Amino acid sequence: MKKVAWILAFPLLMSVLGRAQDASPSPSSPVADPAHRVFFPSDMFWGWAEFNLAPPHNEIDPNLCAGNVGQYGGVNAPCSLFARYMLSGMLEVRPFGRGPLRRFMVFGAPAFLFGKTIPKTLYTWSPDAIGIEHSWGVGIFIAKGFEFRVTQHFLFDRLGARNTNLGVADLGNNGPWGRYMTLGVHKSFGTRRW
């Protein structure tokens with residue numbers, strides 16, 4: 001139940017945070033420039049949220065069921081973990097506004113998958129929850145749009161009744177690439193005009 005609450009709360013949180021950044025400070029504010037506070041500056045949150053719909057015959061495959069799952073029960077095959085819908089996003093938090101730590105950030109990037117489809121066998125518009133693929137990490141801004149990032153990608157977390165072994169075609173919770181950690185360099189460029 002907690003995971004379902006997070007699924008519903010995530011888009012709301014993203015919209016509230018976006019609205020908070022768009023609000024202009026009041027002129028009667030006692031702080032001279034809230035964007036440059038040492039802790040929790042007004043522009044500490046940045047992120048995006050996205051909703052995707054995969055049409056029939058093009059389902060999102062989180063690699064939890066074998067591609068030939070239709071051979072293990074047809075339309076009644078228990079392993080129907082091919083997604084029709086995906087809700088994903090990214091949230092970056094930069095909690096320090098001044099000093100040497102102003103370059104530090106923490107980020108998270110979850111992807112929620114929904115659907116009940118079996119390739120070449122069963123195509124539905126069902127919004128059944130499949131699970132969450134998530135990652136988080138830390139980063140340090142270097143210079144000229146470059147950041148050094150350490151990212152941890154976790155195993156796929158299944159939701160609800162699908163959090164059990166679903167028969168012969170079930171490949172486990174490894175997701176597309178399993179659990180891994182990366183060291184990387186991120187480059188940002190351009191200026192947002194809105």
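## The disulfide

One disulfide is counted in this structure, which is a predicted model. The bond joins Cys65 and Cys79, with their sulfur atoms 1.8 Å apart. This pair links distant parts of the chain: Cys65 and Cys79 are 14 residues apart, and each is placed in the loop between β1 and β2. In general terms, a disulfide is a covalent bond between the sulfur atoms of two cysteines.

The disulfide is left-handed, because the torsion about the S-S bond of Cys65 and Cys79 is about -85°. Cys65 is buried, since its relative accessible area is 2%. Cys79 likewise counts as buried, at 0% relative accessibility.

## Residues with positive phi

Most residues other than glycine have a negative phi. His57, although not a glycine, has a positive phi of about 75°. His57 is found in the loop between β1 (45–53) and β2 (85–93). With a relative accessibility of 57%, His57 counts as exposed.

Lys120 is not a glycine either, and has a positive phi of about 65°. The loop that holds Lys120 runs between β4 (111–114) and β5 (129–133). Lys120 counts as exposed, with a relative accessibility of 80%.

## Surroundings of Gly108

Gly108 belongs to strand β3, which covers residues 104–108. When its neighbours within four places in sequence are set aside, Gly108 is in contact with Gly89, Met90, Leu91, Ser135 and Trp136.

A further spatial relation concerns Gln152. The C-alpha atoms of Gly108 and Gln152 are separated by 9.5 Å, while the two residues are 44 residues apart along the chain.

How values were computed:
Residues numbered from 1 in each chain as written. Predicted model: local features only at pLDDT ≥ 70, side-chain atom pairs only at ≥ 80, totals over all residues. Heavy atoms only, no water. Helix = DSSP H or I, 4+ residues; strand = E, 2+ residues; numbered from the N terminus. Buried < 20%, exposed > 50% of the residue type's maximum accessible area, 1.4 Å probe, protein only. Contact = heavy atoms within 4.5 Å. Disulfide = S-S within 2.5 Å.
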